[in-house]
Amino acid sequence: NSFTIHSFFTFLDTTIMAVEFEGGVVIGADSRTTTGAYIANRVTDKLTPIHERIFCCRSGSAADTQAIADAVTYQLGFHSIELDEAPLVQTAASLFREMCYRYREELMAGIIVAGWDPRRGGQVYTVPVGGMMTRQPVSVGGSGSSYIYGYVDSNYRAGMSKEECLKFTAEALTLAMERDGSSGGVVRLAVISEQGVERQVILGNQLPKFSTV
Amino acid sequence: MASVSVCQYRPGGFSFENCKRNALLEADINKLGFSSPAARKTGTTICGVVYKDGVVLGADTRATEGMVVADKNCSKIHYISPNIYCCGAGTAADTEMTTQIISSNLELHSLSTGRLPRVTTANRMLKQMLFRYQGYIGAALVLGGVDCNGPHLYSIYPHGSTDKLPYVTMGSGSLAAMAVFEDRYRPNMEEEEAKRLVRDAIAAGIFNDLGSGSNIDLCVITKGNVDYLRPHDMANKKGVRTGSYRYKHGTTGVLTKAVTPLNLEVVEESVQTMDTS
């Protein structure tokens, strides 16, 4: 039976994560986009820059999250020029929340907004499906997040260093990708701090190994 | 909690379980005078690849209307701008009109900026229009071109999401074509190798997907030059009949001949002139 791919939505059913540390945030995501059971893009970049030091992690409908991110990027850029200074992470999160809540019936978008601003340092805000907005020191999202709540709750400590946060995020994402069929590919990580943004990719064969039965 | 179920391991390859049953059914059906149902065909194979000097776009040429091939040689690679072309899969009317609208808007934009249009601009315009229509415009596109920032290739889905990648496939034959790409794609290929790769990917779609068929069209875009190769490869040429089925005059003997004239009466005659000036 041949099936038309266009009758499916493209989804970022995924695993995304963000962690605050002293001086910035670490964000991470898997790289799989699916249409039904087919992987439309196995190297997706779900960590989207909204401003110089503010990123968002996208999960849910690919079309919806791309459109929302483009709109917020425009609004935040305009706002930043008006203010003539770097925008606050909370402002970016508020813009996401406004859009996601106003159009909650039409949209399917789970977004984590994370970045660094001079006033409050590194911050992570989560805007899940429905349009709530709340600040959390560590946040996970997407279909794969269900599998790692236990791991995250037991392994997170306040006051971790940048390297510890990177290791923590990479391991959590690996565990989720291992168990969730909708997550996979490579692990994309980014560190946002006063110095700027450092991005890295961990390929499939370089992922941390856990013992599996 | 999800229940754990034991997965039955099935050996790979074709499953011949139903062949005996189908043969019996077909014999029975033919006795009653019916024929077994034919396969339903839908779809397309389109793909694109970025190589050393630019992009190569490829498409098959079959257009289907339900269970019938409506057009054996339709053109699926649409013009967007002198340096940007777009392959379209999905509803033919939607892909045709969408690409024409964006081509027109892009030309006006290009005149306004005074610059050659960029592929990312075409991508933005297409994705914003398709998102506005929430997927009701059934256009799945492969957009490729070369601009001041080099060669670019995008895949655009009917709901408005896009992916920027070095190689993409779309349409019902996309899985067959992607299999070829995943096997043989390398970055920075030469032009001949890239054309061969795209040709083989489309051929995989044509021969393994019921919805794709006929010929292979290619479009090679480089900086300052476009080669629109239509057809690049006639993969399905119609065979030449080896024998003649015409019968000589007198093959069938005429036994009797009866002529019946039909008496028709002209009742009314009126002439309407049409103003064709």
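Is Tyr79(B) buried, partly exposed or exposed? In this predicted model, Tyr79(B) has a relative accessible area of 41% and is therefore partly exposed.

Aromatic pairs were searched for in the whole structure, and seven were found over all chains. In one of them, Tyr151(A) and Phe168(A) are stacked, with 6.1 Å from centre to centre and 20 degrees between the planes. Tyr151(A) belongs to helix α3 (residues 149–155) of chain A and Phe168(A) to helix α4 (residues 162–179) of chain A, so this pair ties together parts that lie 17 residues apart in sequence. Tyr151(A) and Phe168(A) are both buried. The geometry of the pair Tyr79(B) and Tyr85(B) is edge-to-face, because the planes stand at 80 degrees, with the ring centres 5.7 Å apart. In chain A, ring pairs also link Tyr151(A), Tyr156(A) and Phe168(A) into a cluster.

The UniProt annotation "active site", from an unreviewed entry, covers Thr14(A). This residue is located in the loop between β1 (10–11) and β2 (16–21) of chain A. Thr14(A) counts as buried because its relative accessibility is 0%. The side chains of Thr14(A) and Asp30(A) are joined by a polar contact of 2.3 Å. With neighbours within four places in sequence left aside, the residues in contact with Thr14(A) include Asp30(A), Lys46(A), Arg58(A) and Ser59(A). Also among the contacts of Thr14(A) are Gly141(A), Gly142(A), Ser143(A), Gly144(A) and Ser145(A), as well as Asp180(A), Ser182(A) and Ser183(A).

An open sheet in chain A is formed by five strands in the order β6-β7-β8-β9-β10, with antiparallel pairing. Strands β6 (47–51) and β10 (134–135) of chain A are at the edges, each pairing on one side only. Within the sheet, β8 (residues 109–117) and β9 (residues 121–127) of chain A are paired in the antiparallel sense over seven bridges. Val113(A) is placed opposite Tyr125(A) in β9(A). Helix α1 (residues 62–83) of chain A packs on this sheet and touches β6, β7 (54–60) and β8 of chain A. The direction of helix α1 makes about 25 degrees with that of β6(A). Helix α2 (residues 89–102) of chain A also packs on the sheet, where it touches β6, β7, β8 and β9 of chain A. The direction of helix α2 makes about 165 degrees with that of β8(A).

In chain B, Gln134(B) is found in the loop between α3 (119–132) and β7 (139–147). Gln134(B) is partly exposed, with a relative accessible area of 35%. Not counting residues up to four places away in sequence, Gln134(B) touches Glu106(A) and His159(B). The C-alpha atoms of Gln134(B) and Ala27(B) are separated by 48 Å, and these residues are 107 residues apart along the chain.

For residues 235–271 of chain B, UniProt lists "domain: Proteasome beta subunit C-terminal" in an unreviewed entry. This span is 0% helix and 0% strand, and its end C-alpha atoms lie 52 Å apart.

Definitions and conventions:
Residues numbered from 1 in each chain as written. Chains lettered and ligands numbered in written order. Predicted model: local features only at pLDDT ≥ 70, side-chain atom pairs only at ≥ 80, totals over all residues. Heavy atoms only, no water. UniProt positions renumbered as here; feature names shortened; annotations may be inferred. Helix = DSSP H or I, 4+ residues; strand = E, 2+ residues; numbered from the N terminus. Buried < 20%, exposed > 50% of the residue type's maximum accessible area, 1.4 Å probe, protein only. Contact = heavy atoms within 4.5 Å. Polar contact = N/O pair within 3.5 Å; in protein donor to acceptor, adjacent residues only side chain to side chain. Pairing = 2+ DSSP bridges. Axes fitted to C-alpha atoms, helices over the stretch in contact; angles between N-to-C directions. Phe/Tyr/Trp six-rings, centres within 6.5 Å; stacked < 30°, edge-to-face > 60°.
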